[in-house]
Structures are given as structure tokens and as C-alpha cells.
Amino acid sequence: MILGAGRAVRGGLPSAVVDIDGNGRVMDWLLAAFAELGEPAIHFVGGFKAEEVVERYPRIHTVFNREWARTGPVHSLGLAPVPDTATVWACYADVVFRPSAVAALRDAPGDVALAVDTTWRDRYEGRARPAIDAAEKVRLDATTGLVTAIGRSVATADADAEFAGLLRLGPAAATTVATAVRSGALTATATLPDLVAHLIDAGHAVTPVDLQGGWAELDARQDLARFVLGTKAESLERLRAMDHGGEIGELVAFTSAQWGAAADEVIGQILAEIPGEELIVRSSALAEDSWTESAAGAFESILHVARTPAAIRDAVEAVIASYGPDRPGNQVLVQEMLTGVAMSGVVMTRTHAVGAPYYVINFDDSTARTDTVTGGGDARTVFLHRGAPLRPTLPARLGAVISTVQNIEKLVGHDSLDVEFAVTADERVHVLQVRPIAVTHTTVPVDDEQIAAALGEAAALLAARRPCPPTQVGTRTRYSVMSDWNPAEIVGTKPGRLAFSLYRHLITDDVWAQQRAEYGYRDVRPSPLLVDVIGHPYVDVRATFSSFVPAALPEDLAHRLVDHYVDRLEAHPHLHDKVEFDILFTCLTADIHQQADRLRAAGFTEDEIDALVRALRDITVAGMARVAGDLAASADHDARLTHLRGLDLAPLDRAYHLLEEVRRHGTLTFSHLARGAFVATALLRSLVAVGALSGEQRDAFLASIETVLGRMQADARAVPRGELTWDAFVDTYGHLRPGTYDITSPCYRTAADAYLRPVIEQAAGPDHDHEDGAAAWDGPTRAAVADALRAVGLPDDVDAFRGFVADAVRGRELGKFVFTRGLSDALEALAEVGAAHGIGRERLAHVSITDLLALRDALVDPRGHLERRIEEGLEAYAVAQGVCLPGQLATADDLTCFEQDAAEPNFVTRAVAEGPVIATDFGPDAPVEGAIVLIPNADPGFDWLLARDIAGLVTMYGGANSHMAVRAAELGLPAAIGVGELLYAELEPASRIRLDCASRTIRVVH
């Protein structure tokens, strides 16, 4: 009895005739399964479009349930003419199972056998809690194992299994059911679980038969794919017979139990059936390719196994031993070892993080190995948006790989797969493994069509921005996440609307360009620095490069310089977070004439270079002279913030005035101080380059400069001595937060004991005067420094130069510390505004600062205004989370297909550290002491880490002159700043790493 009267869950056809993505219709699977019984009488009970079933399966006896829209499965069951002495099998028409399931129920004891699944809670990826609660759940007796309760009403916490849509009724049970239907004991809307519950109440023993995931429902595509695939060995065996364009070699698969019982026979089968000079013996554990949990790489696979009984035996034993506790059902898979491999790798058909519509291709086309990617070796990574073409600059072999993968997706009926492949020199694609992506995606919805539409809009944006704006120079541009003001480091690559809009409002819309113009560079206003590309903040490289051209240079030279800078970045994309050191000429340095060689090589004349040097000299001298005034301006800004904090203002007005003060004075002053610090560090670096200073002397000098962090440690030591109160300490440093612009990130004040108390505990002891790092500059060194400065026309007073460097480096950190106090207080005030409207921080993070400040007007519905903006922000944020973009963009093609670039880390100090890894998502209570800590960005809000005696620091984003680079240099802490996404992803899951800054290496120990 195949019960299919109801409306289909997929498409406009009855469930029984829905095609399982190229693998046959549901009815085909059911008929094949019931063929295990010989030649049973098949009855189909239809309703919704039943004629479609009759047309396709005319030999099946079809019964029409005219009241299908108002009745349930039991009513359908009672419509078919069934002899009283018959054994009745009943199943839903929207489930599929294999003949083995029918055989198991046939052989089960008792008059009633029920197919159940004890893996029901997580049998397929991403099964949501509502779906679990709505399942037809089963409770089993702990002693007898029999079914004691069934139905959706069974509490999820009490359930042992899910009804798998198939049951067997012996004659006695079938008679009980028929009687109940005729008498009305089972109503017209009764379900199969209601029928089973009635049988239990009538005294029938119901025997469960556990299918352990060996079935699937039509309404869960990933469930169907899991059903079609099976274990690694089963997947390959099933796919071998299908036309997907790739090749799957002969294989022999066997269980641990079969090996234990007849190892010699298995070896004989391997030698007889598997060709080739060498073999590969691979794991195929039950847990390895689960739909909900991946154990990829957890078990042994032995390569290059000789074709001898002894070698095969040793390899198989090693694989089985890697499984740990004996599970006789675990399988081992043996195939021919491929030779002549030209490329190997893995294709993820969706992203792990959120299941976004991208092929993520990790591949090795240089070593001729098949396990580079799966074994953790160096590999290339390409992101390809589904439906987009591969870039012609990528290896042509990838085209055949993607074609094969797409065919497998169609055959399996699922597009969230992990496909391991190899391409041999004869251009044949070999499929080595197919398994589901087993990571449960986040609850953020991913709409493939929205992402495609957003990418189209982004392409149009890039096209519209090609012409050069009036205040800029250069014929073309690029976009980078780290080339100026480091948005990836400060707000992240996918920030919420509030953080993104605050960063733009306070700095990158106008202040950044105002500072450059005041410093002596070209005035590019009104050019914004950042471009929003689907919620990703990108720096407009042409705007940045234009803003660093000295204003004194003629227009033609300015154009040629910017084009040269863009060309150099395009040729050396790994320099995108080091443009001021390795691409641009923004200040005069002691090695300017050597650095200018690259300008000569690019065709610039000596007269043009001399003009640039003169302009840079004027900018540098003026910049050195203005640091003292900028420090005074920062102090004035701090005083005004203190005054504002003391005023009795409504939260929204307080936020508005704080932000205006920060924008008009705080970030501008900080920008000038930060520029001065860059000039100072660039000059020190160049003095090392020309041999006036040693690297050790430079590092010692930088470490001797007491910045905010040193002051914080001194204040921490003063607290236990009674020289500073705890409240005063918290008031001074409590505004810091791990995410400076993130309203959801707690400021230290809100968890002072967690963030600040350890600072005091670690800093206990006497004050430590910062050693004068310049004291080691002996007479010859001072003379060399003076000569080097004089040679390029800079003031040669070494003491004045040392004072400038110290003031600039100290001022940069102080300027940021001061303006972030106003920003942090404004964020807290905005949180109060949200709370007054019943809106928490997490939702407020998706409203732009413009929309928040609009509440200062007399809006008709302020809460409604916020809620509408929140929904828009959340929708945009969800799309941004699904979009994958590169670190740099140049053309529209980069939006849909790009190879992820490896970053060049900025190593700080020459120290070596080795230790355990603490990565990414942790709080102030994490045991970070002695660990090498990995964080995504180098935000000053992570200063609390530096008081916790960590062994080393690694950041995903950050430049050579970033906040954490300065902090690490001051403390002598080994650090790698800005290692990039690829290396960070490799380091994050490690348990222990070695950071060697002297040799500029980071190595996973284990």
C-alpha cells in the first residue's frame, strides 16, 4: 500500500512520480525495494493529480481517494481491497528506502514491524529544531525494545527515534486496523502513527527496525543526497555506473568484520580485481562521511602500497587500527594508485561558513601528489560563483573538473558536496571521493538569487567608477581591503551597518582627505576613501594614491605617478597592506635615492625624480615640525570630551555631540599624529637600510618609547600601592573595547573584573622606567645618523630627530586612545537610545548612524523607523555574509571568479615563540597565558591581551604600521601582523605553532 493522495512537497506532480534528480522517480525506488518480497500486489492510493501516476504506471492498481484534501493516510489505507489473511505493507509515497529495509522488516519478529531511525535528530545537514520537533517521533521501551509511543506529540527530549514511513502489518494486526477504520475508532484524518498507537493500545507488540539513516524524505534534498551517496566506498561504487564525465577506478570495499573473518580471501579479490603497479588503501569509516559530521582526514589512508599480500595486509591493518574502538561495520576501500598526476585537489560546491553558492577549489598543480590538499600541504584556492565562467588565466584543467562536479551534483540531486579529484597528464578527471559538506551552516539565510543580483549591481558599480573623478589623477583604479586606513583590520570585511557607517562618518568620507591636504598632499575632496561593495568596505586605490601625491607636483607628473603605483600594485598584489613602504613615495627617507631606482626603471626622468624629492622634503620637514602642535590639539580634544561627558544631555543628543567632536577634532588630530608616526618609522627603517643604524638599535629605540600601553601598566602598578583608585583606573581605560566601532562589543568598563583586573595582577611590582633605547647610539652611530639625514636635506640634529620619533609614535597611540573614548561613550549612549525603544545592541548594529541620528527629528513613528531600517540592514547583512570577494578588485570578473592571494606577514621583533593556539572566538576568561593568540584584526580593543603574558600574536589583517604592530614592538612581543586569510585558516585549527620572527616563518607543530 503506497499512500500518496496528498499534495506533493516538491513541484506540481504527485510525490510518487517526482524524479529524484536523475536517479529515477520515487515510485521506481519503492517498487525496486518491494521487489525484495517477490511479486507482491501493489496498490497505490492517489488523490492529488492521481492521473499522472496512472499514466506512468498503468499496471499498478490505483485507488482514488476523492476526499484526499480532507482525509489522512489511514483513510486512504482503508480504501484498498485487501484480503483478511494478507500481510499488509504500508508506506508513504514521499519516502524512499532500499530493498535491505524491506528485508529487515520482513525478517523482524512479531505481527507488527515498524521502520524507525535512531539517527533522526541529525541525519542530514542543517536540520532545524522546528523540523525535529515536528517529526513523527517514536519512544522505545528500555527493557523490551518495543515501541511504546509514537507521534508528533511525543516530547523531543523523550524520543528515541523517528518513524521512517514504512510498516508491516501481519494478518491479525491488519484485521485490527480494518475494524478500527470501519468503526470510526480511527478517524478520517488519522495518520500512520495514529494507527500504530491504536495497535499498541489494542495489545499488539510493535517491533522497531532501525534503518539508521537508510531512508530519505522527498522534502529534504540533502537527505536524498545522503541516501544516494552512502559511505565513501558506497558513493564511489554507485557513481561509477553514472555518466558524469569523470572516471572512478575499479575498487574493492570490505568491512572490518569481513577482513577479520577472511583476510586472505579479501587480499585475493584485491589482487584479482584491482589493476595497476601500486595500490592505495583508504579509510571508509561509518563516521567519516556522515551528513552531519565530517571526520575527513581523521583516519589513515596508505599510498603507494605494493601489490604483495604482505604489503596489502600491513596497509589494511594500519587503516583499521586508525578507527580506534572496534566497529565491525567500518569499511576499507582499495583502488589503483594513480600515476602521472598533473593536478589534484578538492572542490567544495558551497562555502563551509554559510553554504553560499560558490565552488571553492583547493588544488595543487605543481607536486604531482594526490594528497597535497587533504594532507595540509601548500595549495592554491579559487572561488567561483555558481554559473560564472572560470578566468582564462586559471589552469584549463579546472574547467573539466568543474564540469564533472556539476554533473555529479545533478546525479546526486544535491549541491553541497565535497569532491576530491585528480587530473592525470592525459587530461582525464578522476573522482577520488564524493561526500556531503558536513558542517552545519549558520541560521543566516542564503538566497542564491539575491547574491547573484547583488554581484550584478556590484559589476555595474565598478563600471560606473572607471572614469577619473575631477580631484583625482590616474587612468584606472583598483579596490583593496587594506591599502589605506585598513578597514578589514578595523571594522572587518563584512561589518554591520552601524560600524561601517560610523567609520565612514568619522574618518573615510572626508576627514582622511582633509588631513592629507593639510599635510601638503593633493586635495582630493570630495572623494570618499571607502566603497561599499555588497557590504564589504573597499579602499579606492586611485583615491588613496592620488591623496599621497605632493600638491606641489605638476598635473602630468601626478597622473604618471599614480598610474605607476597602480601598475606596481597590480604586479605585486601581496603588497596591498604595505603600499606606503613598498609602492608609494609619501615622505623623504634616508634611502630615497636607492628607492627611486624603481622610478628610473619605469621611465621617470631625473628632473621628475628631483621634483618629487623636493616636494617630499618639504612635506617631511613640515610634518616633523607639527607633531608638538598636534599633541596639544589632542589634549584640547580630550578636555572637550571630558566637558561633554559632564553635561546633562539626553542619550541621543549626547551621542550626537560626542560624535561631532570626534569627527571635527579627534579623528583629524589622530590622522595627523598617525601620519607623523609613519614618517618617523619610515625614517628609522631607511636609516637601517643605509647602514646608519642596526636593526637591533632601531628595535631597542622603539621599545623604549612609552605609549598608552606603558602608561596603562604603570597605572596598574599604582592601584595596589594605593596611589590610584580602582574606579579611577576603570574610568581611564574602561572605554576600550575589542571592536572599536562595534556596539555589540563590550567595553572594558562593563566587564572590568574580566578585562582590567588581570592587567593589575600581571603588572604587580615596582615601576619600570623605559630604558632609553637611543642611549646605545654611540658617537659613530650618532654621526652616521646625522650624515644620513643631512645627505637628503633633512635636519641633522640627532636629539631633535629622536624626540620627533618618540613624540610621533607616542602621539599616534595617544591620539587613538583619546578619540576612541568619545566614540565608545557615543556607542553606549546609542545603546541607551535603542533600549528606550525596546531594541537591543545586536539589532541596533544593523542601523546606520544617519538613520539613528534622524531620531533627533520629530518622527511620527520612531520605533517603526528603527525597525524598518533594522530589517533592511539585516537583509543586506545576510547577503553580505553569503558573498565571497577577494582582498583586491580590479574588474567585474574579480567579483565572480578569483584566486585567493597569499599575504606577506608583517613580522615584529626578531624573537621566537612556540606555544598552544588560542584562536578567534574567546573572551577575557580564556587561558591565554603562554599561548600564541590568533585574532582577526589588530584593533586596540585587544590591548587586554597584552597584559596577560601571551607568548605571541598573529592577526589575519593588519599593516606594518598598525596599532598591534606598534604595541608588539614596544613590548618585544613576537608577532605576525596581517598573515592573510589563507595562512590564518591554516593556523586556526592547529593546537600548537612556532612563530619565528627572525626567519620570518610560522609553522604548525601539531
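Let me begin with Arg843, Arg863, Glu867 and Glu871, which are linked in a network of salt bridges, a salt bridge being a side-chain nitrogen of Lys or Arg within 4 Å of a carboxyl oxygen of Asp or Glu. Please keep in mind that this is a predicted model, in which local features need pLDDT of at least 70 and side-chain atom pairs count only at pLDDT 80 or more, while totals for chains, interfaces and linings use all residues. Residues are numbered from 1 along each chain as its sequence is written, and side-chain values use heavy atoms, with hydrogens and water left out.

Over the whole structure, the search finds 53 salt bridges. One of them joins the side chains of Arg350 and Asp448, at 2.5 Å from N to O. Arg350 sits in the loop between strand 16 (341-348) and strand 17 (358-364) and Asp448 in helix 13 (residues 448-464), so this pair ties together parts that are 98 residues apart in sequence; helices (H or I, at least four residues) and strands (E, at least two) are DSSP runs, numbered from the N terminus. Arg350 is buried, at 9% relative accessible area, whereas Asp448, at 29%, counts as partly exposed, where buried means under 20%, exposed over 50% and partly exposed in between, using a 1.4 Å probe and protein chains only.

A further salt bridge is formed by Asp825 and Arg645, whose closest N and O atoms are 2.9 Å apart. Since Asp825 belongs to helix 30 (residues 798-836) and Arg645 to helix 22 (residues 606-646), the pair ties together parts that are 180 residues apart in sequence.

Turning to the sheet, we have an open arrangement of four strands in the order 12-15-13-14, with antiparallel pairing, where two strands pair if DSSP finds at least two bridges between them. Strand 12 (251-255) and strand 14 (302-306) stand at the edges with a single partner strand each, so one side of each is left without a neighbour in the sheet. Strand 13 (residues 278-284) is joined to strand 14 by three bridges, and Glu278 has Ala306 as its bridge partner in strand 14.

Neighbours within four places in sequence aside, His735 is in contact (heavy atoms within 4.5 Å) with Cys747, Arg749, Phe817, Thr820, Arg821 and Ser824.
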